[in-house]
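Please look through the structure below before reading the notes. They take the two chains in turn, then the place where the chains meet.

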Amino acid sequence: MAGQSVYAALEPLLPRVTKPIQYVGGELNAQTKPWDCGGDDTVRWALLYPDAYEVGLPNQGLQILYEVLNEDPRTLAERTYSVWPDLEALMREAGVPQFTVDGHRPVGDFDLLGVSFATELGYTNLLSALDLAAIPLHSADRTEAHPIVVAGGHAAFNPEPVADFIDAAALGDGEQAVKTITEVVRAHRHLGREATLTALAKTPGVYVPSRYDVEYLPDGRIRRVVPNREGVPWRVAKNTVTDLDEWPYPKQPLVPLAETVHERMSVEIFRGCTRGCRFCQAGMITRPVRERSLQTVGKMVADGLAKTGFSEVGLLSLSSADHSEIDQIATQLADRYEESKTSLSLPSTRVDAFNVTLANELSRSGRRSGLTFAPEGGSERLRRVINKQVSEEDLIRTTTTAYGAGWQQVKLYFMCGLPTETDEDVLGIAAMAKEVIRQGREAAGRPVRVTVSIGGFVPKPHTPFQWAAQADPDVIDARLAMLRQSVGRDKAIGFRYHDGKPGQVEGLLARGDRRVGAVIEAVWRDGGRFDGWSEHFSYDRWMTQAAAVGIDVAWYTTRERGETEVLPWDHLDAGLDKDWLWADWQDALAAAEGGGDGVEDCRWTPCFDCGVCPGLDLEIEQGPTGRQLLPLSPV
Amino acid sequence: MARRSPQPDGPPPPPTVQKIRIRYAKRGRLRFTSHRDVARVFERAVRRASLPVAFSAGFSPHPRISWMGAAPTGVASEAEYVEIGLTEVLDAGDVGRRLDGALPPDLDVLEAVEAGSGALADRLEASVWRLALPGVGDVTAAVGAFLAADELPVIRRTKDGERTLDARAAVLVLRPAGTEVTVTGSPCAILEAVVRHTTPVVRPDDVLTALRAVAALELDAPMVATRLAQGPLLWGEDDAAGGVADPLEADRTDQVAGRGVGVATGSA
């Protein structure tokens, strides 16, 4: 019978693996509904986060979908995560399939398998989960007996590299989209899998790769992407949730028994960002800005704390200090929680003194350990290229203010390998760090520390840098080595970086087309798993397998694209006008030479040029509301 | 803003005025929790239950929850003990019920009493273990060989390398306690052991390792161990019927005698 727990078969394996608690479920606020909760109409989702439980459990997206789906009495949703290789081997030996942690039900028994891709490096883990679930890797090989595999998350804005492995992709916000998909499946499944997929292909916001044919030019570039069924749209536009106050999820965040990467509760205070940083895919694909009101934020914090017992709350967004009422949110929440043992944090990285003021407010009674800022580029010239308009003076003033206010450590984020970057730009990071220390020490009257953290830049689809040549890993590694030398042995400066190799694989997967799927499969068959983990990632394996299947990695990564090239994701519509993106790319290149226009934030300088609001019939939703927190309801 | 000082501004946290001693069980799937997992779950449950738990002073105040010798990861227990410091005097039974309501199923509060005099940790002299050996039929010979040995050194791998400990001396009692049938239909011998708490502590795994060193035991699935009780040793080492007494008995006696009220501040 479908939906039976496999826990009895799993249990004897658990004492033999590391951290067995991650596989047993039992989280506070988890739900296990009866398999037939909606009778014959029941639609069942298995939601996969294709990474380890400790990373996947705190993921907000998955928690939101889990709750939204389970609120419907005729729908059931359970969660599943990637199993580490030690358990994978034992499961294969004992014949235990990929299971959900809620009911320990076989993933292959569900109607839909939703997979959330925060990063492209989860692709091989999707294949592991499919295979362990006895679901054919290729969409084309699946039958009525298999779940419909739906991808979501930011990486799903270019799902072409996994087009052969998924049946559909949901673009954009998922809250409403999962409900829509559920109803399409409920209404069409009696007609069979093919009819259901075609119905999904005609559903707004849903992309079904098999309903499109890709034609190529003789030189390997894409000629065009054509729908192969009547009624399937040429372009698929993303889903956008409006009025976030109507969607206050998660209402009852999951509290794991196991330790995870975020030991706190998160409340999203707004979605979208219009700062216009040219490297930032999240800021481009989540437009426009939609704020949650101060009152809803306050209620979500209070309700969530009561239901979880967490002692820390993070106020999440892409740039939290930009909420129109952030000063009131900070002050009023700090007033409310000052006497309790609850700490509030603003994981925002905007470089300005206002951010320090907010952080001071939120940490009124607590310890001031560390603050993070993201200047991203080491020189003002480079920061103009990426549209991160921060002067050296602003940055030093900000960090000095922080040290002066008692913060002990400042962390600075940079990227290496940005378009037009030179050795001097990267060496500028060392000079900046030394100046931060010098002035910080003066202001604080004590030794201070700064940590410089550097990631390799990966050009992403739907950004102005989608045409850019990615820097070669050797170039990145050489610049990082030079920087390392320049920082020297200064104990006040911590230096964290990754080599450029994983970034190149990420770049291949981020801007790849359907032909790249063969590399993913070959790597997985060769044992590739958990590519986001340095101890599992193998650059050599990716390069060897790419060569074996005839994929030229450089063509996909370090090649600059031209204006008229059809990009693999052009038929997927994030609302951004491609001409605007191109113009912004040209402005970036002009900025490198001292010209070019910067982009203002449209929240304060009205502008509709990116095309999202007029194109998708949306508008910015923001305060200030001028309201006060609602009183706490008595327990 | 003042310069960094060793203590935060403001008054010190309110003192501990009552300690509650709790016996709880770790059952079912939750046997796979580690001690750190359990500690985190308790801290959150205390907050969700809105218990007035006392906190330490300093920049990173932590709740006054004292743990004693937690059962290892993968091992179930009917007798784990923890002591919680409160800033208000409450009814112990009520504290237990509130805490149990806030804990996940399978972490179950079995008993809560107000602390009397004396340290609870000192009373936890030994544990009674139930060891289930899937796939093993008769254990009589193995038990005999185990008890006949003077010393049974086992090697345990730790973070810091390997260490050798004697798994024999701490085992005061080891007796067959029947046979069950596993889900797969194979026999499953049950052992009961009374193990004195020594340093380093001898764990169920060590007893099994030692048993396998003196007798051929083929398990077809990992052993399932459950702590049934821990407390003061009831009988002498040579008594084959030995066991442990209830470690909270003294606290209950103190309550009746009116000796248990009030404790030194902040010493949880």
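The points below are grouped by topic, from whole chains down to single residues and then to the interface.

This is a predicted model. Chain A has 635 residues, and 60% of them are buried. Chain B has 268 residues, of which 47% count as buried. Between chain B and chain A, an area of about 2,600 Å² is buried.

**Chain A as a whole**

- Chain A holds 21 helices and 19 strands.
- With a radius of gyration of 24 Å, close to the 26 Å that the globule rule gives for 635 residues, chain A is as compact as a globular protein of that length.
- The C-alpha trace of chain A spans about 70 × 70 × 50 Å along its principal axes.
- Take the contacts in chain A between residues at least 6 apart in sequence: 78% of these join residues at least 24 apart.

**Chain B as a whole**

- Chain B contains 6 helices and 10 strands.
- Among the contacts in chain B with a separation of 6 or more, 74% are between residues 24 or more positions apart.

**A residue in a loop: A:Ser139**

- In chain A, the loop between helix H5 (123-132) and strand E4 (148-152) contains A:Ser139.
- Is A:Ser139 buried or exposed? The relative accessible area of A:Ser139 is 13%, and the cut-off for buried is under 20%, so this residue is buried.
- Leaving aside neighbours within four places in sequence, A:Ser139 is in contact with A:Asp164, A:Phe165, A:Ile166 and A:Asp167.
- With one of these residues, A:Asp167, the side chain of A:Ser139 makes a polar contact, side chain to side chain, at 2.6 Å.

**A residue in a helix: A:Val297**

- Helix H9 of chain A runs over residues 294-308 and includes A:Val297.
- A:Val297 has a relative accessibility of 0%, which is under 20%, so A:Val297 counts as buried.
- Which residues does A:Val297 contact, leaving aside its neighbours within four places in sequence? They are A:Val267, A:Ile269, A:Arg292, A:Leu315 and A:Ile329.
- A:Leu333 is 36 residues apart from A:Val297 along the chain, and the C-alpha atoms of the two are separated by 9.5 Å.

**Where chain B meets chain A**

- How many residues does each chain bring to the contact? Chain A brings 36 residues and chain B brings 24 residues.
- Carbon and sulfur atoms give 58% of the area buried between the two chains.
- On the side of chain B, B:Arg29, B:Phe32 and B:Arg44 supply 27% of the area that this chain buries against chain A, more than any other three residues.
- There are 5 salt bridges between chain B and chain A.
- One salt bridge joins the side chains of A:Glu11 and B:Arg31, with 2.9 Å from N to O.
- The side of chain B that touches chain A is made up of 11 nonpolar, 3 polar and 10 charged residues.

Key
Residues are numbered from 1 along each chain as its sequence is written. Chains are lettered from A and ligands numbered from 1 in the order in which they are written. This is a predicted model: local features need pLDDT of at least 70, side-chain atom pairs count only at pLDDT 80 or more; totals for chains, interfaces and linings use all residues. Side-chain values use heavy atoms; hydrogens and water are left out. Contact means heavy atoms within 4.5 Å. Buried area is the accessible area (1.4 Å probe) that two parts lose on being put together, summed over both. A salt bridge is a side-chain nitrogen of Lys or Arg within 4 Å of a carboxyl oxygen of Asp or Glu. Ala, Val, Leu, Ile, Met, Phe, Trp, Tyr, Cys and Pro count as nonpolar, Asp, Glu, Lys and Arg as charged, and the others, Gly among them, as polar. Helices (H or I, at least four residues) and strands (E, at least two) are DSSP runs, numbered from the N terminus. The radius of gyration is taken over C-alpha atoms; the globule rule is 2.2 Å times the number of residues to the power 0.38. Buried means under 20% relative accessible area, exposed over 50%, partly exposed in between (1.4 Å probe, protein chains only). A polar contact is a pair of N or O atoms within 3.5 Å; within protein, one must be able to donate a hydrogen and the other to accept it, and residues adjacent in sequence count only if both atoms are side-chain atoms.
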